[in-house]
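Please prepare a brief report on the structure shown below, moving from one residue and its surroundings to the chain.

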Amino acid sequence: EAVGHTVEADRVKGGSVAGPNLNKQVASELVTMIDFAHTFDGKMAPLPVYLDDEGTKAEDAVLIKDGILVGYMNDRESAAEYGMKPLGNARGWSFSDEPLIRLRNTCIMPGKNTVEEMIASVEDGYYLIDSGNGQADLTGEFMFGVTCGYEIKHGKLGKALLDTTVTGVAFEMLKTVDMVSDTVEWSSSGFCGKKQSMAVGMGGPHMRCKI
């Protein structure tokens, strides 16, 4: 969410931090982020979109590749403006709603580490598992509630955490990523409240980073 909204082309036109960072490094080279249309790793994504509400055939949108910001999510108008191909990101909640540029199934690609290796590598940190409500703005600054997690001390899980809040700047946080797990976990669809409520797919690998 904290990265996805900044790379929606209408938000870019509104002054998002992604505007001046196109084709620049915004994350560790371990980070590749893709907004999947309908299929991930040969299986149906949580929220499959085959055709958006402007009649554009839905395709995967590569947003960050090896740490470089390479694209935006577009509707037909913004794609023409930025010289990009529309990939099916314009969606409206009901037939009478204006199609808006929206996330679909936005996910960071898996890496090479196991979760056990990642936990064992942390001397003093936290294992954050479930998140609650949060918010992010056009600068990439975010604040999310953590509903479940654990302290990590000397490579082992410790005390449980409840109702914790984490905050940071998305692109700065992603630059600190030095381990990414080898599996992606998807949850059921959530909802985004950008002007209209809209279902979105949620998921990703574990990442070791600093916030």
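## Surroundings of Ser181

Leaving aside residues up to four places away in sequence, Ser181 touches Pro110, Gly111, Asn113, Val115, Met118, Pro205 and His206, where contact means heavy atoms within 4.5 Å. This is a predicted model, in which local features need pLDDT of at least 70, side-chain atom pairs count only at pLDDT 80 or more, and totals for chains, interfaces and linings use all residues. Residues are numbered from 1 along each chain as its sequence is written, and side-chain values use heavy atoms, with hydrogens and water left out.

Ser181 counts as buried because its relative accessibility is 0%, buried being under 20% relative accessible area, exposed over 50% and partly exposed in between, with a 1.4 Å probe and protein chains only.

| Backbone atom | Distance from a polar atom of the Ser181 side chain |
|---|---|
| Oxygen of Thr183 | 3.0 Å |
| Nitrogen of His206 | 2.9 Å |

## The chain

Buried residues make up 45% of the 211 residues in the chain, and of the contacts with a separation of 6 or more, 67% are between residues 24 or more positions apart. Along its principal axes, the C-alpha trace spans about 55 × 35 × 30 Å. The chain exposes about 11,100 Å², of which carbon and sulfur atoms supply 52%, accessible areas coming from the Shrake-Rupley method with a 1.4 Å probe and, for residues, only the protein chains shown counting as cover.

Notes:
A polar contact is a pair of N or O atoms within 3.5 Å; within protein, one must be able to donate a hydrogen and the other to accept it, and residues adjacent in sequence count only if both atoms are side-chain atoms.
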